[in-house]
Amino acid sequence: MAAAQQLGSMSLGESVERKDNDTEPTAKNNGARTKLCSACGKNSDALQKCRACKCVWYCDKDCQNRHWKEHKKECKPIKMALAKRGGKLDLGTEEDVGPLGKVPPREECPICMRVLPIYKPLQSYYTCCGKTLCGGCDFQHQMKSGEWPTCAFCRTTLPKSDEEKLARLSKRVERKDPQGLMRVAMNYGYGELGLPVDQAKCIDLLRQSAGLGFPSAQYQLGNFHRLGKMGLQQNEEEALRYFKEASEGGHLLSLHNLGCMEEDENGDHVAAMRHWQLSASGGSITSTGILITCFEDGLLQHSDLAESLQAMYRSRNEMRSEDRDMFVEYLKMTGEYKEQYDF
Ligand SMILES: [Zn+2]
Ligand SMILES: [Zn+2]
Ligand SMILES: [Zn+2]
Ligand SMILES: [Zn+2]
């Protein structure tokens with residue numbers, strides 16, 4: 001498994017992506033096996049299974065065709081793996097990973113009330129009111145706003161200079177706003193907004209933010225410990241501890257990384273797959289990809305893979321909106337969209 005590599009690239013995640021513009025239980029643990037259409041999310045007794053991967057269900061051909069663009073990435077390799085083993089769903093070598101757990105609740109956009117997109121650049125944090133909105137709601141607002149952009153939540157004019165931005169951020173820090181603390185921490189870490197590079201200050205502010213239970217700061221600290229960065233000694237135990245804390249706050253990248261650490265350091269496939277299943281069911285395509293590899297390797301049962309896949313599409317549908325799609329289209333048009341945002 002290329003888990004180590006995955007971790008390497010994922011670890012860079014938020015630390016390089018920082019930008020200043022900045023489940024439900026599924027069938028198994030719910031008792032009843034309620035099937036949902038992976039395209040439209042509707043529930044009916046007449047759903048048809050995808051014949052190729054035998055993992056997901058659809059109302060009809062229309063729903064299936066509409067979903068194909070998204071589903072083919074997962075469907076094709078599963079279909080191939082099934083063909084290789086003569087159509088057998090399981091080989092008998094699979095591990096028992098137990099019931100699919102539940103991803104802890106994640107922060108929602110206060111305007112559209114949908115769970116915030118996974119990657120920071122698809123969110124907007126406002127230094128005026130300290131709100132974090134989804135990029136979709138922000139984009140819609142900015143398209144309509146006048147000559148000077150305003151906050152989509154409280155309508156305050158956005159800062160016109162780095163000095164002004166830093167002054168507002170400092171106020172957020174005084175109020176112990178976890179997101180503000182993390183932003184200023186990273187600004188110190190990389191010498192942004194006219195601040196001198198100060199790694200100790202960065203870690204101190206990150207720890208304050210993490211101590212307030214902010215998953216992104218916990219994740220960031222986990223990464224710095226894991227890689228021995230930002231003036232910290234490499235420390236696996238601390239890294240694990242922070243990733244665990246962040247995971248309890250529903251942080252998907254941390255869940256994914258925990259899986260990679262279980263696999264690479266402990267060789268514990270079951271624990272690794274449990275973590276990947278959770279982050280997949282929260283909407284991670286990357287974790288889903290690794291689960292498919294586990295299935296190909298005869299480590300994961302087909303039914304567990306199917307359940308994770310259904311939960312993944314369900315979460316992604318819940319996170320999707322027209323405004324968010326438009327924002328992503330816009331970023332793709334301007335070349336600002338990066339592949340890992342699809343995490
Ligand atoms: Zn449907
Ligand atoms: Zn399929
Ligand atoms: Zn929103
Ligand atoms: Zn505001």
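1. Lysine 176 is exposed, because 12 other C-beta atoms lie within 10 Å (exposed means 12 or fewer such atoms, buried 20 or more, partly exposed in between, with C-beta atoms placed from the backbone). Lysine 176 sits in the loop between α4 (162-174) and α5 (178-190); helices are DSSP runs of H or I with at least four residues, strands runs of E with at least two, numbered from the N terminus. The phi of lysine 176 is positive, near 60 degrees, and the residue is not a glycine.

2. The model is predicted: local features need pLDDT of at least 70, side-chain atom pairs count only at pLDDT 80 or more, and totals for chains, interfaces and linings use all residues. Residues are numbered from 1 along each chain as its sequence is written, while chains are lettered from A and ligands numbered from 1 in the order in which they are written.

3. Methionine 113, also not a glycine, has a positive phi of about 65 degrees. Most residues other than glycine have a negative phi. Methionine 113 belongs to the loop between α2 (61-84) and β3 (123-125) and is exposed, with 9 other C-beta atoms within 10 Å.

4. Lysine 35, in the loop between α1 (3-17) and β1 (48-49), counts as partly exposed because it has 19 C-beta neighbours inside 10 Å. Leaving aside residues up to four places away in sequence, lysine 35 touches Asn43, Leu47 and Trp57 (contact: C-beta atoms, placed from the backbone, within 7 Å).

Methods. Contact = placed C-beta atoms within 7 Å.
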